[in-house]
Amino acid sequence: MASQRRDLDQRPSPEALLEAFRREDSPAGKLKIFVGAAPGVGKTYEMLQSAHAKLKAGVDVVVGYVETHGRAETEALVRGLEVIPRKRIAYKDQILEEMDLDAVIARKPKLALVDELAHTNVPGGRHPKRYLDVEELLSHGIDVYTAVNVQHIESLNDVVAQITHVRVRETVPDSMFDRADAIELIDLTPDDLIQRLREGKVYVPKQAERALEHYFSPGNLTALRELALRRTAERVDEQLLTHMQANAIAGPWAAGERILVCVSEDPRAAGLVRYAKRLADRVHAPWTAITIETRRSLQLTYAQRDRLADTLRLAESLGGEALTLPGVNRHIADDLINFAQGHNVTQIIIGKSSRSRLFEIVQGSVVHDLVRRAGNISVHVIAGDELPANASTPVQTRARSEPFRPRPYLTAVLITALGLGVAELIQPWFGVENVDLVFLTAVVGVAARYGLWPSLLTSVLASLCYNFFFLPPIYTFTITDPTNIAAFFFFMLIAVLVSNVAGRVRVQADTAIGRVRTTEQLYAFSRKLAGTATLDDVLWATAYQTALMLKVRVVLLLPEGGKLTVMAGYPPEDQLDDADLAAASWAWSNDRAAGRGSDTLPGAKRLFLPMRTGRGLIGVIGIDDDRTGPLLTPDQRRLLDALVDQGALAIERVLLVEDMDRVKRTMEQDRLRAALLTSISHDLKTPLASVLGSASTMRDLAGNLSDQQKADLLATVIDESERLNRFIANLLDMTKLESGAIVPNSAPHDLSEIVGSALRRASKILASHNVSLELPADLPMLELDAVLFEQVLFNLLDNAAKYSPADTTIAIRALRDGQWVVIDISDEGEGIPPGEVEHVFDKFYRVQKGDHVRPGTGLGLAISRGFIEAMHGRITAANRGDRRGAVLTIHLPVPSRSQSLDTAA
């Protein structure tokens, strides 16, 4: 009967049904990934063969991008398929080819082949990564076949690097792999792959020899093959579980092992968890520790609740999943079987019962019920290891101490008296046989409002009043009629039962309300942490929330400079003494609780607990209050664990962001240092060599040189010295900009005067160019630093002359556009390459050009942007629309009349 009832109650999982409906109803295309352990296993070849099979079946197939690597058999498979022409992109004096995403979308085939999913696109495209191109194709309803090697999956990147000693830079997020509708593993034994490598079917001979010596060793290939098999098996297992849940299929389907261990407050439960861990390691299976919460769970002592919580924490620390589920069936075994069948569990571990045979006959046995109803699920009944009698817990907890409140009991007496009055009033009309209902109503009301013990008092008082005032002889506690004795007995029994049931409902309601309130507070805390971006905000939020929910004082310590340092606390002025610091340091060093209420340094004022994540220790939290003895109840200890876990994850997130920023800054510093060294070693060395060569020639051959030759050599010395002076000035200006030492000395200036001064200064640079100047006479005075703005114009003119051929025109145009004066400096050079427009203002950045371009430091435009922004303007770069060439545009604000008058005054 039980199994039949489970079959009738079996329903498809709503989450699985929603996922299946989303996939079927989604307009997005389907994704199939061909996975391999290493290059050369035949992913592209198999993908092309599958495409030909689809083509024969009448499916519209195109090749978006397929890399044949020069393999004849792969190229032969490409023939016969429609190939979308690739997009050609200019990058660093090279023409590179990428998939033409827009052309594929415009063609809108049913199926597109896109090879090398982890590929990084050439800068200038719509997406930086090819998997983003694939996502866009899928969003347009186009099915995609693609290929990837296991070393490119993000979560396996570190593992592959440890195996092969090669860090793969191009990765694909696991979410892309998990969203695939189909995955096909292309497997090849290491010996066969090495043979293909030696035959030149993977790389050219020299490259193949190096690969065989390093990456393609038999050990590496075997490890990569296992990774590919396991990752594919995990994905297939998830698909199987989703299918079973969506179709209400009762498991298990033993395609893969899943282990469930049942835990309770029994002292031997920890041994069951360790056994489950060992069994899961042997069969390489995921495992879950579960406890079913019933009415009996509310009656557990605090020590038993604490033991159960420690057991669940042990399961999580050993790599399992810990779950607490409410009991919805009459028998716990039914809840366990339903969960096991819904999650395709193949093996269940449960502890052997230590109860007497009489107890099992009366109350039933979970173990026997589970064994009888398990069906195809294997059940391990384990004795477990009994904890020693003197075993101590790392952190002692205290029993919840509720102060005695007389008010509920006084209210119970008053309600009983009120019920007595009502009973006296209704007795003449309804008779004594209905009076007891009034007293039962009073019992239920007290139980619902104040709980069990006040309701029991009400039951006793109501029984006595019923006997004294209504059962003859009245006004005595004597009962003469045997029927009244039975009535009194059953009235008292029913009153006690009703008070017990109502009190239990009250406790359950209070417990549910408390859990809802705690859940809401934890959810609000998690949202608050998600919105914080700095470490100080995260630490403050964690300390404040912990103090608020547990009514304790909190300090948070993080490692700084090789030792633990107090980083935050609530209240903020709290300090640590030497004993507390020693306990905190011990907790950090040993990854265990220390201090008050623990088994290590219990004399400390505070209890210190390590804060850890999957990556290791993050810090230490310390708590205390003004009471003596243990600080927390078991429920509060579980709440503290949840708060600490959330806080630790938020702290880790912020620290990781700071580490990434630090790495980026270090990389930027290294890049700038390398560029500066390049400038010093080449760009600055060139004018020095010219000066030295000219000077030494005049010294050694002075008598053999004509006056014209001497003048030319002197001109070279002067020109190169001026160029060297400009380089050094640019370096000094950039240093001042980055240190914030540049403060513009702004005053009203006529733009034409500054432009004329800049043209005179750049006359030698512009000698081989034509200059076109268009400055309207009605331009307003501008608030400028004349020296800085002249340097900006000089840098822009120098840049235009450097990147445009001789005898071309450099144009300077200015006009007023509302509250701005716009100045354009344009040339007739080759323009700025696509994708590099936003980089021309970067420090040490230089567009790659031919040999005719004069060298420079790559700082001129960066300095110009810094100067213009310091004067509240902006500068942009673009290519000309009317002809070939670049244009640099400066926008400067027109000062208001009041500003002009103030400055003039």
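## Close-up views of a predicted model

**View 1. Ile-290 and the residues around it.** Beyond its neighbours up to four places away in sequence, Ile-290 touches Leu-260, Val-261, Cys-262, Val-263, Leu-323, Leu-325, Leu-336 and Phe-339. The model shown here and in the other views is predicted. Ile-290 sits in strand E10, which spans residues 287-293. Is Ile-290 buried or exposed? Its relative accessible area is 1%, so Ile-290 is buried, given that buried means under 20%. Leu-260 is one of the residues that Ile-290 touches. Ile-290 and Leu-260 lie 30 residues apart in sequence. In space, their C-alpha atoms are 7.2 Å apart.

**View 2. Helix H14, a mostly covered helix.** H14 runs from residue 332 to residue 342. How many of its 11 residues are buried? Nine are, and H14 is mostly covered. The buried residues are Ala-333, Asp-334, Asp-335, Leu-336, Ile-337, Phe-339, Ala-340, Gln-341 and Gly-342. Asn-344 follows H14. The phi angle of Asn-344 is positive, near 55°.

**View 3. H14 packs against H16.** Helix H16 covers residues 366-373. The axes of H14 and H16 are 8 Å apart, and the packing angle is about 40°. That angle makes H14 oblique to H16. Their crossing is right-handed. Which residues meet here? From H14 come Ile-332, Ala-333, Asp-334, Leu-336 and Ile-337. From H16 come Val-366, Asp-369, Leu-370 and Arg-373. Sorted by class, this contact of H14 with H16 has six nonpolar residues, three charged residues and no polar ones.

**View 4. Helix H26 and its buried face.** H26 is made of residues 751-761. Leu-751, Ile-754, Val-755, Ala-758 and Leu-759 are buried in this helix. Look down the axis of H26: the buried residues fall within an arc of 135°, so they line one face of the helix. What lies on the other side of H26? There, Glu-753 and Arg-760 are exposed. Several elements cover the buried residues of H26. Among them are strands E19 (747-749), E20 (770-774), E21 (782-784), E22 (809-817) and E23 (820-826). Helix H27 (786-802) is also included in this cover.

**View 5. H26 crosses H27.** The two axes come within 9 Å. H26 and H27 cross at roughly 50°, which means that H26 is oblique to H27. This crossing is right-handed. On the H26 side, the contact is made by Leu-751, Ile-754, Val-755, Ser-757, Ala-758, Leu-759 and Arg-761. On the H27 side, the contact is made by Ala-786, Phe-789, Glu-790, Gln-791, Leu-793, Phe-794 and Leu-797. By class, the contact of H26 with H27 has 10 nonpolar, two polar and two charged residues.

**View 6. Asn-799 in helix H27.** Asn-799 has its place in H27. Its relative accessibility is 19%, so Asn-799 counts as buried; the cut-off is under 20%. Which residues does Asn-799 contact, leaving aside neighbours within four places in sequence? Asn-799 is in contact with Leu-861 and Leu-888.

How values were computed
Residues are numbered from 1 along each chain as its sequence is written. This is a predicted model: local features need pLDDT of at least 70, side-chain atom pairs count only at pLDDT 80 or more; totals for chains, interfaces and linings use all residues. Side-chain values use heavy atoms; hydrogens and water are left out. Axes are lines fitted to C-alpha atoms, for helices over the stretch in contact, and angles run from 0 to 180 degrees between N-to-C directions. Helices (H or I, at least four residues) and strands (E, at least two) are DSSP runs, numbered from the N terminus. Angles under 35 degrees count as roughly parallel, over 145 as roughly antiparallel, 65 to 115 as roughly perpendicular and the rest as oblique. A crossing is left-handed if the near helix is turned anticlockwise from the far one by less than a right angle, and right-handed if clockwise. Contact means heavy atoms within 4.5 Å. Ala, Val, Leu, Ile, Met, Phe, Trp, Tyr, Cys and Pro count as nonpolar, Asp, Glu, Lys and Arg as charged, and the others, Gly among them, as polar. Buried means under 20% relative accessible area, exposed over 50%, partly exposed in between (1.4 Å probe, protein chains only). The arc is that of the directions from the helix axis to the C-beta atoms.
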